[in-house]
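Please read the following alongside the sequence and the coordinates.

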Amino acid sequence: MTTHVPASLWQFLSREVALVCDASGTLIWMDERAARLLETVPGQSLRALAAQGTEDKVDRLITLARDERVERWEAILCVGGVPRTFAFRGAPHEGGVALVGSLVPEDYADSLSQVSETMSELAALHRETERQQRELKRRADELTRLNRDLEESNRGVRTLHAELDEKTESLVRAAEIKSRVVANVSHEFRTPLHSILGLARLLLNPANGALSAEQQKQVQFIRSSGEALFELVNDLLDLSKMESGKATLRPVRFSASNFMGALRGMMRPLVSADSQVELRFEEPPADLALETDEAKVSQVLRNLVTNALKFTEKGHVTISAERGPEDTVCFRVSDTGIGIAPEHHTHIFEEFTQVESPVQKRVKGTGLGLALSRRLAEFLGGSLTVQSTPGQGSTFTFTLPRVHPEVEEMLGMAERSQQLEPGRAPVLVLEDDRQTLFLYEKYLSRSGFQVLPVRTVDEARRTLQRVRPAAVVMDVMLEGETSWSFLSELKGNEATCDIPILVVTLMDREQKARALGADEFWLKPVGEDQLLRKLAEMARSGPVHKLLIIDDDDVHRYLLRQLLKDTPYVLSEAATGPEGIQLAREQLPDLIFLDFVLPDMTAFDVLDELKTDPRTRDIPVIIHTSHQLQEEERRRLEKGTSTILAKHKLSREVAITRIRDALHKTGLGTDAGESRRG
Ligand code: ADP
């Protein structure tokens, strides 16, 4: 069946237009629908039909289709003045182009325009992003520049630091050199000064022939100048010692009352009988005793009293001593002299500083006294301060710990070393530097070693008479002596030659040390691990206690071995009863750790075997068990053993204490120190 569709209907339904353009895009033919829809005639250019702003796209269609086929080319043409989208297909045709365009339905066109809107939004976004990126890049550049600047200033700072370090180092060096020069020069000065003073005294002695009055005056001048110079040299020497840290502490125990008595004796001659100044010593608390460097305390006070007498023309100078807060002692020297203006309260403690005054011109002085006194006060762990009102007088307050901190620590250490701990191997440490001694004690505090500190060769000899140490650690450069001959003496003596000796000192004298028999030589400073390792290694050749573990359980033996690491105990191990008994007979250990449950024998059998053999009868046995013991078993065991230890409760501390106790009971490790403890 065929149906006839009227042409007008086709016209209405069809949305296609057919066009032919020449090479320049001028329409040379079009079908009827095109003529009607586009309201155009041949001769018009296709470009003229394009919606505003889309002309280029139409031109490009013509250009492309002139050479090849083009598909789905969207162009917007005006239909009745309204822009509508056409999808074109085109192909070359006689130098020009043939085109068929179909009108895109409006909703599709809408989406297209939406797409195009979105596209343009996207484009805008893209532009914005690009702008932001540019901005970011600009900021990044800025940051890079800033970084560069920072890096440069950092470099600058680093250079500055390095320079500062260098400066500090050279200052330290300079200070050292200065101290050395001062120390040497002062020594050189003192000898001729001694002669000058001696000769002056000789000349002034009438027994050696009378001088004329004039000569006597001249010699007296020589003498007092010599004395002033001598004082200056002494002060300089003391100061340089303080500065270079070479000052040594010589602590003694003394009562404040005796100290004040002696000071009074020294100071009284400075006050002449007709003086208008009274020297008053207040009685300190009777039970006030100090333990510090008495000579240095005296030096500070002599300085203060001399000053007070110099700058007081009438009235009194009072010296007092009393208890201060926190176990300190407070010495005060107050006078009714000229006083010191507040602006000078700081300067006077600087070297070579004197305050201008009429009195100043009349008195002797170096300007070093207070600087030195303050250093001394600080060296003793204290302070020196002044309170003063011009015209009324001054009070200098010297506060110091009643017991010098180092003394306190030393005392504690010496006391601890008096009691030998049975489980710890004694190590004799000969070292004059207290700080180093404290350090060694700290290092060894958690180890199986006990430090026996001695500071002189004599002390070391005395200690050796009562204890045989597992090892000796010694410095060879001691205060006022060296210990080279002591080293060779130890190694030359049959009784002590096998005690390992570790020499630790500041100067490289390894060859000499080794030649004299040192087993090891180290330069200071010594690290904790290094020391512990070496001592453990050296002590193995020394007097250590032998322990035997009889236990079939590898893990328990391993655990015990770990627990007793770094202790002076040497362990041997047996996994069975018979093996244990045999080892006990061969090695004669100082102590046996016996597992209660063994695969082949009971602990009772092992104990019986050990007890019947006279060689092993007295070896203490610690029963080591994870077994819940019956009352009966416990009683039987307690008879033949020292201790029963539960395996699960075993810690290093418990193990060591029990071993110590057991050894102690048999008298092992007992010596003078221990028996004193009872
Ligand atoms: P000097 O050897 O000159 O006494 P010091 O360092 O002992 O040196 O003292 C520094 C200065 O401090 C003195 O020269 C003096 O000016 C001032 N001074 C010290 N003690 C007193 C005092 N008790 N009364 C007044 N001035 C003092």
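A polar contact is a pair of N or O atoms within 3.5 Å; within protein, one must be able to donate a hydrogen and the other to accept it, and residues adjacent in sequence count only if both atoms are side-chain atoms. The model is predicted, so local features need pLDDT of at least 70 and side-chain atom pairs count only at pLDDT 80 or more, while totals for chains, interfaces and linings use all residues. Residues are numbered from 1 along each chain as its sequence is written, and side-chain values use heavy atoms, with hydrogens and water left out.

Asp 335 places a polar side-chain atom 2.9 Å from a nitrogen atom of the ligand. For Lys 310, a polar side-chain atom lies 2.9 Å from an oxygen atom of the ligand. Gly 367 contributes through its backbone, with an N or O atom 3.0 Å from a ligand oxygen atom. Taken alone, the ligand exposes 520 Å², of which the protein buries 98%; accessible areas come from the Shrake-Rupley method with a 1.4 Å probe, and for residues only the protein chains shown count as cover.

A residue is near a molecule or strand if one of its heavy atoms lies within 4 Å of it. There are 21 residues around the ligand, and Asn 307, Gln 354, Gln 360, Thr 366 and Leu 370 come nearest. By class, the shell has 9 nonpolar, 10 polar and 2 charged residues. Here Ala, Val, Leu, Ile, Met, Phe, Trp, Tyr, Cys and Pro count as nonpolar, Asp, Glu, Lys and Arg as charged, and the others, Gly among them, as polar. Helix α7 supplies the largest share of the shell, 3 residues. Helices (H or I, at least four residues) and strands (E, at least two) are DSSP runs, numbered from the N terminus.

Next come the salt bridges, each defined as a side-chain nitrogen of Lys or Arg within 4 Å of a carboxyl oxygen of Asp or Glu. By this rule the count is 32. In one of them, the closest N and O atoms of Arg 47 and Asp 59 are 2.1 Å apart. Arg 47 lies in the loop between α2 (32-37) and α3 (55-67) and Asp 59 in helix α3, so this pair ties together parts 12 residues apart in sequence.

Helix α4 (residues 106-204) holds Arg 138 and Glu 135, which are 3 residues apart and so separated by about one helical turn. Their side chains meet in a salt bridge at 2.7 Å, N to O. Glu 142 and Arg 145 are also 3 residues apart in helix α4, and their salt bridge has its closest N and O atoms 3.6 Å apart.

The backbone has some points to check. Lys 524 and Pro 525 are joined by a cis peptide bond with omega of about -5°; Pro 525 sits in the loop between β19 (520-523) and α15 (528-539). Arg 72, in strand β3 (residues 70-79), has a positive phi of about 45° although it is not a glycine. At 75% relative accessibility, Arg 72 counts as exposed; the classes are buried under 20% relative accessible area, exposed over 50% and partly exposed in between (1.4 Å probe, protein chains only). Glu 326, in the loop between β9 (315-324) and β10 (328-335), has a positive phi near 55°.
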